[in-house]
Amino acid sequence: MASETVEFENADGLRLAGRLERPDGGHVAACALFAHCFTCGKDIKAAFHISRALTGSGLAVLRFDFTGLGQSEGDFAETNFTSNVSDLIAAGRYMIGRDLPPTLLIGHSLGGAAAIQAAAAISSVRAVATIAAPATPAHVKRHLVDIQARGANEGQGDVRLAGRDIRINKQFLEDVDRADMASALQQLDGALLILHAPTDEVVGIDHAARIYQMAKHPKSFIALDGADHLLSDSADARYAAGLIAAWASRYLPPPETPGSR
């Protein structure tokens with residue numbers, strides 16, 4: 001596997017940091033773009049193991065840090081769900097500019113909701129796979145109860161997530177309320193795979209059912225029995241990657257290369 005550190009600009013001109021991984025031998029069967037979970041980053045275990053497993057199946061994969069997270073520029077407190085979707089679209093355009101058009105979007109948790117929203121704006125996308133995604137981005141607010149109370153008066157507050165303090169602004173809470181998942185799913189022009197653990201305690205399995213009900217065919221659902229929300233067990237992450245690769249092979253044509261026409 002060949003791994004490359006990359007940078008590209010988002011719509012606001014901020015530098016976003018990513019890692020582009022390709023299979024050994026140089027032949028790329030298809031290309032995928034990975035969106036990480038809320039406040040996580042491109043190097044979280046799930047992103048790492050899924051990307052590595054997919055490259056083993058012949059896919060090139062770009063994973064990157066959303067604005068204000070990891071090695072990317074910007075202030076996370078000034079971001080929201082809409083900016084995450086915009087970052088994902090910018091990443092897709094970067095890949096197209098590298099002659100590696102993403103035909104598959106993969107999103108983990110809130111990143112899954114962002115992938116569904118972004119799919120229609122990335123012309124090369126033919127399939128979307130979500131992992132533990134909420135049916136409504138506003139679901140994230142249940143983990144920010146204290147912030148909602150303080151935000152009403154102060155406009156912002158800090159919350160401790162994954163062992164670190166994250167500043168959330170009132171505009172973030174207002175933005176997730178505006179997201180229209182039903183409309184995005186109806187506009188999705190491609191196949192959808194929904195992966196979800198029945199025992200997920202962060203985003204309940206009922207969210208997978210609601211996404212499935214709102215989506216058009218072709219759509220598929222696979223239960224990740226025994227996995228947790230973050231796929232913190234590397235075996236669960238590799239299993240999910242294998243399912244995604246096998247499922248996606250039915251829908252993804254290889255990307256065009258210069259002179260292929």
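Why is the disulfide of Cys37 and Cys40 left-handed? The torsion about their S-S bond is about -95 degrees, and the disulfide is therefore left-handed.

The model is predicted, so that local features need pLDDT of at least 70 and side-chain atom pairs count only at pLDDT 80 or more, whereas totals for chains, interfaces and linings use all residues. Residues are numbered from 1 along each chain as its sequence is written, and side-chain values use heavy atoms, with hydrogens and water left out.

**Cysteines**

A disulfide is here a pair of cysteine sulfur atoms within 2.5 Å, and by this rule the count comes to one disulfide. The sulfur atoms of Cys37 and Cys40 lie 2.0 Å apart, and both of these residues are buried, where buried means under 20% relative accessible area, exposed over 50% and partly exposed in between, with a 1.4 Å probe and protein chains only. Cys31 counts as buried because its relative accessibility is 0%.

**The chain as a whole**

Contacts are heavy atoms within 4.5 Å, and accessible areas come from the Shrake-Rupley method with a 1.4 Å probe, only the protein chains shown counting as cover for residues.

| Property of the chain | Value |
|---|---|
| Buried share of the 261 residues | 54% |
| Share joining residues at least 24 apart, among contacts between residues at least 6 apart in sequence | 70% |
| Accessible surface | about 11,200 Å² |
| Share of that surface belonging to carbon and sulfur atoms | 48% |

The secondary structure comes to eight helices and ten strands, these being DSSP runs numbered from the N terminus (helices H or I, at least four residues; strands E, at least two). In helix H5, residues 170-178, the buried residues include Phe172, Leu173, Asp175 and Val176. These cover an arc of only 160 degrees around the axis, which puts them on the same side of H5, the arc being that of the directions from the helix axis to the C-beta atoms.
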